[in-house]
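Here is a short briefing on one protein model. Look at the structure first, then read the points.

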Amino acid sequence: MIDPASDVPGAPLGGALALREVLTTPTLTGSRVLAGAAGLERPVERLNVMEVPDITRWVKPHEFLLTTAYPLRGRPETLPGLIADLDDAGLAGLGIKLGRYLDEAPADMIEAAEARGFPLVQLPDDVGFDEILNEVLTAILHRQAQLLARSERVHRAFLQLVLNGHGLPEIARDLAELITAPAVIVDLDGRPLAHAGLDQLGIEDPARVVLDPGGATVCVDGERVACTAVRISAGPREHGHVVALSRGEAPTDDLVALENAATVAALALTQRLEVRAVEDKYRSDLMHDLLREVDDPDDARRRAAGFGWDLDRRLIVLVVRLDTPPEPVIPDEITRRTPLVGAMRRAILDRDPTAAIARFSHEAVIVTAAFDGPDGRDEARRFSRRLIDDAIRTVEGTLSAGLSRPVETITDISRAYEQATRALVIGRGIHGPGALAHFDDLGAYRVLSLVEDHAELRSFATEVLGELAADTDNAEDLRRTLQTLLDTGGNVAEAARQLHFHYNTLRYRVDKLESIVGPFTTDARIRLDVHLALMVFAMRGLDGRS
């Protein structure tokens, strides 16, 4: 538990004093605000003395500038412009001694300061600038020392949570208590990782908390809420944000607490990622063993039980791959966030809490309970399509997938994986990227895929199709016409309608096609050869395989 008691309120800019506080120091207690009182909360990090007319070249943001007006004596008309220049430079305010070089502040100077909310302060006559500088700078240094000490206490308390085995929920809880405002820790996609105190806002369990571009508000499940947010990062890698919430103004200016919470949250998330990476490796190793040949089923069952996998039941295998690059490799920075598996994991486990899920460099493999009943195959397709649609939202590019037949024992998982992989490759080759195919949907393609001599298949297709096998637009157009004629059972009128050709045009094309491949409209053997050749041609696919 972090003790929220502190003699340091949430200070601006990590140790600066608000100008309002500066004016309460003993040397400045007799000061009078002539204009711009709306800006008294501006932070003061340092002080400066105006000794030259072109002072704006030498000032820095968050300075409180002191002057006797000596550099501007005899030039009162420049004072309103000076106010504008100092305000544009980001100064905290201007303290001026009146009487010696300037009897009173000109009305247009006061008007300019008031319009901009830029504090114009009349300094006490009997105090030297050296006294003001020493006292205010000492106060700033004292504030910074207090903040450093408090930051150290807060950091140690948060760090102790992690070292004691606690995680993000405890960090969010203690942060909410420390800043007395609801707090939430979110990942880069706006998914809440932990939260505390949201019941104060009437929010129970948000599904999404998205930081707006300006950073002053978040959208919580569609509702806009004021916030203060700090980025969670570890080196070059970003993990998300620590966010304090409020329905009114900004919920807190205690950046010390938020930044320390973000630092320790980065440690906890990095630790979680490393643990998950080790677990993923062991899962992948076991899945590799299952997808080959299981030598010791009892040992495989025992290892699977350690991951919560139930493999002693009727199962199917789903394989999902990125379509690009040609030999899909998920970049390391993507796999660290595991979008391919992460986007599907919740839906998979909601249906089947004991499903086996593993990610390899180029694919995700899911071994899950079979879909039984007469509509089992259709249900499996619909479920797989939902998974792919969810994953596509977080993975750049398209995904193809293949489904196996149900298998009954752990030793048959390797066979199911082979079926799912074959369905994926053939389905993608026939239908293009984004295909989803079930092994039982492959029909004759399933038989052709068993031919190991791919060169012989290609040779057969080339011999049957002749010049139609060429890689030209004209050959592709004729192959499409030939396929449509076969699909319509040689019905020229129906094929012409589907291809949007005139009947006589298609009759001419039929004659041309028969001159190339033979009388396929009347010879059943030739028709079968042509159909198989077109199937082989389609199976060449994106990866160049037959």
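A polar contact is a pair of N or O atoms within 3.5 Å; within protein, one must be able to donate a hydrogen and the other to accept it, and residues adjacent in sequence count only if both atoms are side-chain atoms. This is a predicted model: local features need pLDDT of at least 70, side-chain atom pairs count only at pLDDT 80 or more, and totals for chains, interfaces and linings use all residues. Residues are numbered from 1 along each chain as its sequence is written, and side-chain values use heavy atoms, leaving out hydrogens and water. Helices (H or I, at least four residues) and strands (E, at least two) are DSSP runs, numbered from the N terminus.

**Helix H17**
- Asp523 caps the N-terminal end of H17, with a side-chain oxygen 2.9 Å from the backbone nitrogen of Arg525.
- H17 covers residues 524-539.
- Its buried residues (under 20% relative accessible area, 1.4 Å probe, protein chains only) include Ile526, Val530 and Phe537.

**The sheet**
- Six strands form an open sheet in the order E9-E8-E13-E12-E11-E10, with antiparallel pairing; two strands pair if DSSP finds at least two bridges between them.
- E9 (192-196) and E10 (209-211) stand at the edges with a single partner strand each, so one side of each lacks a neighbour in the sheet.
- Four bridges join E11 (217-220) to E12 (223-234).
- Cys219 stands opposite Arg224 in E12.

**Helices on the sheet**
- Helix H5 (168-179) packs on the sheet, touching E8, E9 and E13; contact means heavy atoms within 4.5 Å.
- Helix H6 (255-291) also packs on the sheet, touching E9, E12 and E13.

Key. Axes are lines fitted to C-alpha atoms, for helices over the stretch in contact, and angles run from 0 to 180 degrees between N-to-C directions. The expected span of a helix is 1.5 Å times one less than its number of residues. Buried means under 20% relative accessible area, exposed over 50%, partly exposed in between (1.4 Å probe, protein chains only).
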